[in-house]
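Colleague: I'd like to go through this model with you. Can you take me through it, one point at a time?

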Amino acid sequence: MPEGALILDKPAGITSHDAVQAARRVLGEPRIGHLGTLDPFATGVLVLLIGRATRLAQFYKDREKVYEGTIRFGYSTDTFDLTGQPTSSRKDCTLEESVLRRLFLDLQGTYVQKPPAHSAKKVCGVAAHRLARRGEQVDLAPVPVAIHQLELRSIAGAEVQFYARVSAGTYIRSLAHDLGERLGTGAHLAALRRISVGEFTLASAVPLDQLEPRWRCGDVPFIAPEDLLPEFPRVSLSEPALQGAMHGRDLELEADAATVKLLDRTGRLCAIARRVASRLYHPAVVLPDANPGPSGPASPADAMPQHAESS
């Protein structure tokens with residue numbers, strides 16, 4: 001059975017959950033989850049964790065995201081994107097490059113961003129977008145986000161092509177909406193493509209419609225569990241030490257890192273351990289060989305998406 005990570009190039013028109021379900025059908029593996037939602041209209045990098053690797057989702061919560069897309073100025077929408085209903089009158093606007101570049105520069109760095117009502121954020125355990133679609137008032141608290149890089153690529157009429165490198169939890173739809181408010185014209189996100197999530201890029205992505213034929217030909221580029229989380233040093237263990245770690249027992253290691261990957265003698269990833277004192281490490285996550293059948297639990301990475309960064 002496959003395990004590790006797989007980078008999909010999600011097409012427009014389906015949800016991230018739809019893409020996960022498609023991968024489950026093709027690969028015959030129920031334990032598949034994703035690392036961060038892409039809205040249905042958005043395309044690009046959707047990272048799947050497969051099999052035992054779903055247990056590693058917690059270590060990917062803070063990965064930087066990179067996007068390119070289109071902002072349409074002239075009116076805002078209730079979803080902050082092209083799928084919503086207009087919430088302001090349409091305006092004919094002439095966009096000045098110097099003004100836009102200054103606005104883009106002003107938004108770089110840390111700023112407090114209000115998530116859109118139509119988002120995956122939970123309100124009393126219910127996704128905000130479900131409440132918004134029922135016509136209920138949704139008021140989400142603003143949160144600090146980091147815009148590491150925001151570039152103006154081109155202007156064509158009322159549309160602006162952009163490139164953005166942002167922190168996890170940033171809503172690109174909110175960024176577009178905020179730009180429209182600051183310019184006084186209204187704006188919404190017209191197109192979005194995610195080109196990387198941390199170390200995962202489009203260069204290694206498989207288009208969803210190619211997954212099945214490539215799987216049949218043995219041409220799917222899975223990333224092995226031991227090759228994930230490259231920032232964590234590898235530590236190979238003897239069989240007795242490994243068995244202790246797999247049962248949750250602390251162990252002493254000749255390591256100098258806060259978190260390490262524990263491998264068996266064949267180089268297979270078996271656990272992630274965190275330092276608790278000096279050279280004493282505690283297994284934070286173990287990757288057992290047990291393989292639940294089709295009725296096994298859904299992956300935590302899919303049941304609890306990290307953030308709707310494309311929102």
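Colleague: In which strand is T70 found?
Modeller: This is a predicted model, so local features need pLDDT of at least 70 and side-chain atom pairs count only at pLDDT 80 or more, while totals for chains, interfaces and linings use all residues. Residues are numbered from 1 along each chain as its sequence is written, and side-chain values use heavy atoms, without hydrogens and water. Helices (H or I, at least four residues) and strands (E, at least two) are DSSP runs, numbered from the N terminus. T70 falls within residues 65–73, which is strand β4.

Colleague: Does T70 count as buried or exposed?
Modeller: Buried means under 20% relative accessible area, exposed over 50%, partly exposed in between (1.4 Å probe, protein chains only). T70 has 7% relative accessibility, so it counts as buried.

Colleague: Which residues does T70 touch, not counting those up to four places away in sequence?
Modeller: Contact means heavy atoms within 4.5 Å. On that basis T70 touches E159, V160, Q161, F162, H188, L189, A190 and A191.

Colleague: Where is R52, and is R52 buried or exposed?
Modeller: R52 is in the loop between β3 (43–50) and β4. Its relative accessible area is 5%, so R52 is buried.

Colleague: Which residues is R52 in contact with, leaving aside neighbours within four places in sequence?
Modeller: The list includes charged partners by name, among them E3 and R31.

Colleague: At what angle do helices α1 and α5 pack?
Modeller: Axes are lines fitted to C-alpha atoms, for helices over the stretch in contact, and angles run from 0 to 180 degrees between N-to-C directions. The axes of α1 (residues 16–27) and α5 (residues 208–216) lie 10 Å apart. The angle is about 10°.

Colleague: Why is α1 called roughly parallel to α5?
Modeller: Angles under 35 degrees count as roughly parallel, over 145 as roughly antiparallel, 65 to 115 as roughly perpendicular and the rest as oblique. The packing angle is about 10°. That makes the pair roughly parallel.

Colleague: How many nonpolar, polar and charged residues are in the contact of α1 with α5?
Modeller: A19, A22, A23, V26 and L27 of α1 meet L208, L211, E212 and W215 of α5. Ala, Val, Leu, Ile, Met, Phe, Trp, Tyr, Cys and Pro count as nonpolar, Asp, Glu, Lys and Arg as charged, and the others, Gly among them, as polar. The contact has 8 nonpolar, no polar and 1 charged.

Colleague: Which residues of helix α6 are buried, and on what arc?
Modeller: In α6 (residues 239–246) the buried ones are L242, G244 and A245. They share one side of α6, because their arc around the axis (taken from the directions from the helix axis to the C-beta atoms) is only 160°.

Colleague: Which strands are included in what covers the buried residues of α6?
Modeller: Just after α6, G248 takes a positive phi of about 85°. The cover itself includes β14 (251–252), β15 (259–263), β16 (269–277) and β17 (280–286).

Colleague: Is S278 buried or exposed?
Modeller: S278 lies in the loop between β16 and β17. Its phi is near 45°, positive in a residue other than glycine. With a relative accessible area of 62%, S278 is exposed.

Colleague: Is F80 buried or exposed?
Modeller: F80 lies in the loop between β4 and α2 (97–107). Its phi is positive, about 70°, although F80 is not a glycine. With a relative accessible area of 14%, F80 is buried.
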